[in-house]
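Reader: Hi! Could you walk me through this one?
Author: Happy to, here it is.

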Amino acid sequence: MRRFEYHRAETLEHASRLLVELGDDSFLFAGGTDLLVEIRERLRRVRNVIDIKSILGLSDITYDEARGLTFGALVTVGRLERLPLVCQRYPNLRAAFASLGSIQVRNRATVVGNICRASPSADTIPPLIADGAFVHIYSRTNMRVVPLAEFFTGPGKSVLAKGEIVTGITVPPALDNSGKAYLKHGRRKAMELSTVGVAVSLTMEDGLCNDIRIALGAVGATVLRAPEAEAMLRGTALDAATIKTAANKAMEECTPISNVRASADYRRDMVGVLTGRAIKQALEAFA
Amino acid sequence: MKRIVELTINGEARDMAVETCCSLLDALRDDVGLTGTKKGCDVGDCGACTVLVDGEPVNACLMLAVEAQGRSIETVEGLQPSVDTLHPLQDAFMRHGASQCGFCTPGILMMAKKLLADNPRPTDEDIRFGLSGNICRCTGYTKIFDAIKSAAREMEAARS
Amino acid sequence: MNINTPIEEREFKIVGKSVRRDDVLEKVTGEAEYTGDVKLAGMLYGKTKRATVAHARIKSIDVSKALAYPGVKAVLTHENVPRVLHYGSPHPRSASCTKDQYILDKKVRFWGEGVAAVAAISEEIADEALDLIEVEYEALPAVFEPEDAALPGAPLIHEVGPGGNLVLDPVRVNRGNVEAGFAEADFVLEGTFSGGRPHPAYMEPNVCIADWDGSNKLTFWTSTQSSFMVRGILAEVLGLPLTKVRVLVDHMGGGFGAKQDCFQHEFLCALLAKETRRPVKMEFTRHETFIAGRARHPCRIWLKQGFKNDGTLVARDMKLVYDSGAYGSHGPGVTIVGTTAATSLYRCENVRLEGRCLYTNTPINGAFRGYGVVQSYYALDIQMDEAAERLGMDPAELKLKNVVREGDIAPSGHPILGHGLEICLQHGIDVLDWKALRNRDRTPDPSQPHIRIGWGVGCEMHGSSAYPGIKEQGNATVKVNEDGTVTLLTGAAGLGTGAHTALAQIVAEELGVRFEDIGTIHGDTDVVPWDIGAFASHTTYLVGTAAKMAATKVRASVLERAAMKLQVKPDEIDLSEGKIFVKAEPGRFMTVAEAMGPSRGIPAANIVANGTYEPTKSYSFAAHFTEVHVDTETGIVEVKRVIPVHDIGRVIHPIAAQGQIEGGIQQGIGHTLTEDYVIDKKTGRSLNAGLVDYKMPLSMDMPDIETIILEAAPDPGGPWGAKGVGEDPIIAIGPAIANAIHDAIGVRFHHYPITPEDILKALREKGA
């Protein structure tokens with residue numbers, strides 16, 4: 001491993017100041033499950049690591065029927081995965097959390113960290129986007145709230161400015177008439193980086209689809225929505241034929257690449273298969 | 001730069017002087033001399049370095065030693081209840097042939113300990129899920145599943 | 001030993017029982033010392049600078065900045081290491097290796113090859129210093145596929161060898177008359193097959209520690225399957241007598257064949273220690289375990305066979321091409337074994353085989369469980385399945401008709417004494433009710449019409465020794481101590497298979513003492529008898545027989561000494577369960593301890609004997625039956641059940657034998673479906689040298705395995721008929737899965753791994 005300097009930030013202000021003062025090769029450290037790997041595999045040049053785990057107030061989880069689920073930047077994937085509320089109300093999040101890395105990794109990794117890394121294949125991003133989550137961003141001059149769907153600007157890139165820190169995420173409340181699913185495609189059943197991940201969150205009213213959001217992971221520079229497919233589904237009864245047509249449309253809307261994990265064509269095919277299956281799984285909530 | 005970290009390892013309070021960029025795994029192996037915990041990949045992919053931190057399994061390679069300040073660490077060396085007794089998992093691993101080359105064994109034992117603590121009567125699926133972050137390349141896992149089920153039964157019997 | 005000696009029938013007290021393995025207590029407590037756990041005072045850490053180009057000449061290499069970096073103690077390049085051409089696979093006097101390596105060369109032959117090495121006071125400093133070494137390359141055209149390497153005018157990777165990019169002259173085997181065979185055939189099947197580059201991916205990354213003392217003696221800890229071979233080649237290359245090289249290895253975190261080469265970093269580590277006169281440790285990262293380790297040889301196979309309408313196989317014509325990677329390593333051995341293996345499995349009198357092995361600018365391929373045979377039997381078994389389809393016959397039935405049997409000659413050229421394949425196959429057919437399975441509905445779950453199920457069977461056989469390529473010698477020393485305990489000294493390595501336990505069981509059984517009375521000493525080349533290395537599934541068969549021979553000798557001596565003390569003739573007494581008793585008067589006895597210990601006027605004694613065994617070869621057999629589920633929308637194949645039926649002769653330790661089979665199946669499932677170490681065909685760079693993208697089946701992916709071991713066909717060359725088991729299980733599972741996929745979806749695959757993309761593509765082509 002390459003050597004680096006370790007700093008422990010006591011407050012958000014302190015962490016933000018260190019980020020600016022220590023320069024470009026400085027990174028926040030919460031779970032560290034990506035950062036330490038990147039240092040060891042020499043994927044990222046890191047001179048300074050700023051540990052934010054001593055900062056108070058970043059470990060909270062709250063839920064209310066009006067605002068929804070809010071959790072702080074230090075909340076681990078494992079803690080959320082095991083939370084009864086998540087298991088019962090957010091099966092999509094639960095599926096994504098339980099498929100990220102291993103149990104050991106999830107006991108360290110944070111959801112906010114997974115998001116800030118901005119990998120197009122990150123498991124937590126598609127269901128959070130489909131649910132309409134937003135992120136809370138701290139800077140020393142102001143706080144801002146950004147919809148997660150607008151957070152990413154490219155692989156590994158986000159709207160965060162130097163010195164800005166994501167402090168938490170809010171997921172809108174899980175409504176009684178909602179159905180949610182996240183399906184991950186990999187070659188193994190665990191320890192996988194997703195080849196394709198599809199999240200669907202929908203609401204039904206009087207047997208018709210009131211709203212639907214489809215988010216596609218690992219098939220573009222960032223996690224993508226499938227707006228045209230969604231439009232084809234809204235207002236319909238989500239019958240098999242419509243689902244099939246919309247799934248085909250989602251295949252057109254993605255922009256996958258080929259790499260060692262899968263070819264672009266195969267990824268596109270899987271967007272079709274998984275979109276159909278995810279919609280059907282989301283509908284099981286009403287069965 | 002070195003820092004002093006005060007922590008508990010296998011029930012024993014101690015302190016260690018570590019480089020701030022040193023992983024908990026390297027600190028345990030090189031500084032404390034507890035080499036039972038293995039380094040199979042150093043990037044969190046294999047689970048050979050699984051230790052319990054305040055009871056929760058983590059990859060020691062993905063935690064900095066300085067983060068262990070004030071924490072309680074359990075490693076395979078602390079599994080035996082006393083010098084001449086084995087933990088039921090250790091005994092079951094021996095009887096069922098769950099350890100071949102043995103390199104994954106310490107990590108799997110710690111994972112299994114946590115699994116049985118949370119879930120004394122695990123199903124086959126629970127065990128498979130619980131071990132999904134621990135690579136074993138020798139056994140095909142069959143005998144590991146057998147051993148964990150057997151240990152669970154014995155621990156259950158010992159409690160009742 | 002005369003191989004015609006009948007196998008002794010007896011009631012076993014220790015053999016055949018799953019005694020507590022003597023290595024596992026330390027493994028479950030964390031006390032077991034692996035090479036990487038050794039820490040010496042003043043130890044330095046070595047790291048290898050690796051090439052970032054696939055084929056090049058080194059124009060210049062500047063180490064001045066690295067040498068000046070604080071904490072760096074030594075830097076080695078091709079300019080300051082001995083230039084000795086040496087073997088990669090260190091089997092002396094054998095046909096299985098090629099002399100084509102230098103410790104460091106002026107030329108780079110694959111991306112990732114070591115070009116320099118650094119020793120520093122910490123691993124981090126050594127790692128950082130690597131970046132300060134400046135290498136200027138003159139790039140050469142590179143080839144990444146054996147087909148391209150074989151083309152006239154292809155860039156030459158080596159200056160040595162038979163010419164072109166051949167690693168060895170083509171291996172040719174001819175039996176009978178192939179043309180006449182084809183003339184007799186009612187139909188002919190012809191196909192091409194190919195295999196990827198599975199990696200053994202043992203859990204313990206390669207690691208070694210070198211210590212060079214004041215008397216110029218090198219002590220060398222290394223995770224190796226063949227410590228004496230490492231000793232030999234280190235001594236040869238470094239110019240030392242064998243008395244000045246001591247190799248130590250205690251526990252090993254797996255090897256699966258690949259840890260029997262002498263690796264570049266091992267020479268570098270020894271030289272860094274010599275240069276600095278301090279102990280030096282070199283430990284691979286997981287990434288290096290891929291790029292600088294050894295994988296299975298990728299292959300291309302062309303197979304044409306002629307059949308009669310009754311299913312009789314009348315002609316086999318086969319061409320095999322193995323990709324050696326950048327160095328010979330085990331290329332010659334793999335080519336010879338893999339090619340000659342194709343004379344057998346399914347009997348055929350007219351056979352023409354040609355095996356080639358080519359250098360490419362890719363990482364080195366070496367020995368790996370199933371040595372060359374995984375590749376050739378994949379083709380043979382799948383084509384037999386195709387013949388059954390063509391004939392409208394059940395594949396298991398056609399295989400049963402054609403499998404090798406009594407009287408057939410082995411690939412090694414000698415008659416096989418214990419033929420178990422027929423019985424394995426028949427046993428599986430019977431216990432599974434195979435015919436009923438094959439008639440099952442392929443889509444049993446109406447709610448999941450996209451899931452199709454299939455059953456397949458694959459067959460294999462594998463030799464327990466490297467004969468005749470290597471005429472092996474097994475050695476063991478057995479000492480009976482004055483308290484009646486027994487010390488076994490063996491050079492066989494403990495990869496994790498439980499081999500030392502099996503050897504101790506054999507000694508205890510033969511000698512007539514308790515298993516607990518045996519202590520085993522291994523892993524120190526200065527102490528234990530010479531050993532060829534733990535490979536070729538031979539430890540129980542080869543070293544086990546040597547140990548039994550040594551035990552027979554000490555038993556006779558113990559009886560002689562006891563007879564003197566009991567004042568009877570040696571043939572009047574017997575030894576069992578640690579007691580020596582007068583046969584005619586069972587009440588009159590003494591313990592081994594009493595026989596060996598002092599008594600009035602007779603001092604205590606120690607009895608020592610050696611056993612040396614030079615075997616030919618036995619063959620073990622297996623038929624694997626498997627159920628797969630194919631998702632026809634995603635192409636994902638799940639292996640749901642495996643029923644492996646093995647004949648391994650006499651079973652010494654049932655649980656350890658089952659463990660070998662189950663682990664081999666895990667690796668074989670991986671090779672067939674998910675595992676492939678991928679090299680970029682444009683640059684030669686590794687694309688998945690890590691455990692996330694190199695996809696081994698994990699706990700949730702493993703099927704239920706219902707292992708069946710038959711002691712159907714013991715071979716008199718092994719202890720009480722014992723044969724090998726290590727490699728067999730990885731061979732049959734591959735074709736079994738491919739055949740099951742065909743049963744499920746009606747598509748034939750001739751390659752591995754069979755990826756989800758391949759499945760979808762094939763289904764589309766079939767639908768079109």
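Author: Let's begin in chain C, where the C-alpha centres of domain 3 and domain 4 lie 21 Å apart. This is a predicted model, in which local features need pLDDT of at least 70, side-chain atom pairs count only at pLDDT 80 or more, and totals for chains, interfaces and linings use all residues. Residues are numbered from 1 along each chain as its sequence is written, while chains are lettered from A and ligands numbered from 1 in the order in which they are written.

Reader: Thanks! What are the bounds of domain 3 and domain 4 of chain C?
Author: Domain 3 of chain C is 143–196 + 295–393, and domain 4 of chain C is 418–460 + 619–768. Such bounds come from an automatic or database domain assignment.

Reader: How many residues of domain 3 of chain C are in contact with domain 4 of chain C?
Author: 23 residues of domain 3 of chain C are in contact with 25 residues of domain 4 of chain C. Contact here is a matter of C-beta atoms, placed from the backbone, lying within 7 Å.

Reader: And which element gives the most on the domain 3 side?
Author: That is α10(C), with eight residues. By class, the side of domain 3 of chain C that touches domain 4 of chain C has 11 nonpolar, eight polar and four charged residues. For the classes, Ala, Val, Leu, Ile, Met, Phe, Trp, Tyr, Cys and Pro count as nonpolar, Asp, Glu, Lys and Arg as charged, and the others, Gly among them, as polar.

Reader: Switching to chain B, how many helices and strands are there?
Author: Chain B has five helices and five strands, in the order β-β-α-β-β-β-α-α-α-α along the sequence. Helices (H or I, at least four residues) and strands (E, at least two) are DSSP runs, numbered from the N terminus.

Reader: What is the radius of gyration of chain B?
Author: It is 16 Å for chain B, which agrees with the value near 15 Å that a compact globule of 160 residues would have. The radius is taken over C-alpha atoms, and the globule rule is 2.2 Å times the number of residues to the power 0.38. Along the principal axes, the C-alpha atoms of chain B fill a box of roughly 50 × 35 × 25 Å.

Reader: Where are the domains of chain B?
Author: Domain 1 of chain B is 2–78 and domain 2 of chain B is 88–159, with C-alpha centres 22 Å apart. Their contact takes 14 residues from domain 1 of chain B and 11 residues from domain 2 of chain B.

Reader: Last one: at what angle do helix α10 and helix α11 of chain A cross?
Author: Their axes come within 8 Å and cross at roughly 140°. That makes α10(A) oblique to α11(A). Axes are lines fitted to C-alpha atoms, for helices over the stretch in contact, and angles run from 0 to 180 degrees between N-to-C directions. Angles under 35 degrees count as roughly parallel, over 145 as roughly antiparallel, 65 to 115 as roughly perpendicular and the rest as oblique.

How values were computed. Contact = placed C-beta atoms within 7 Å.
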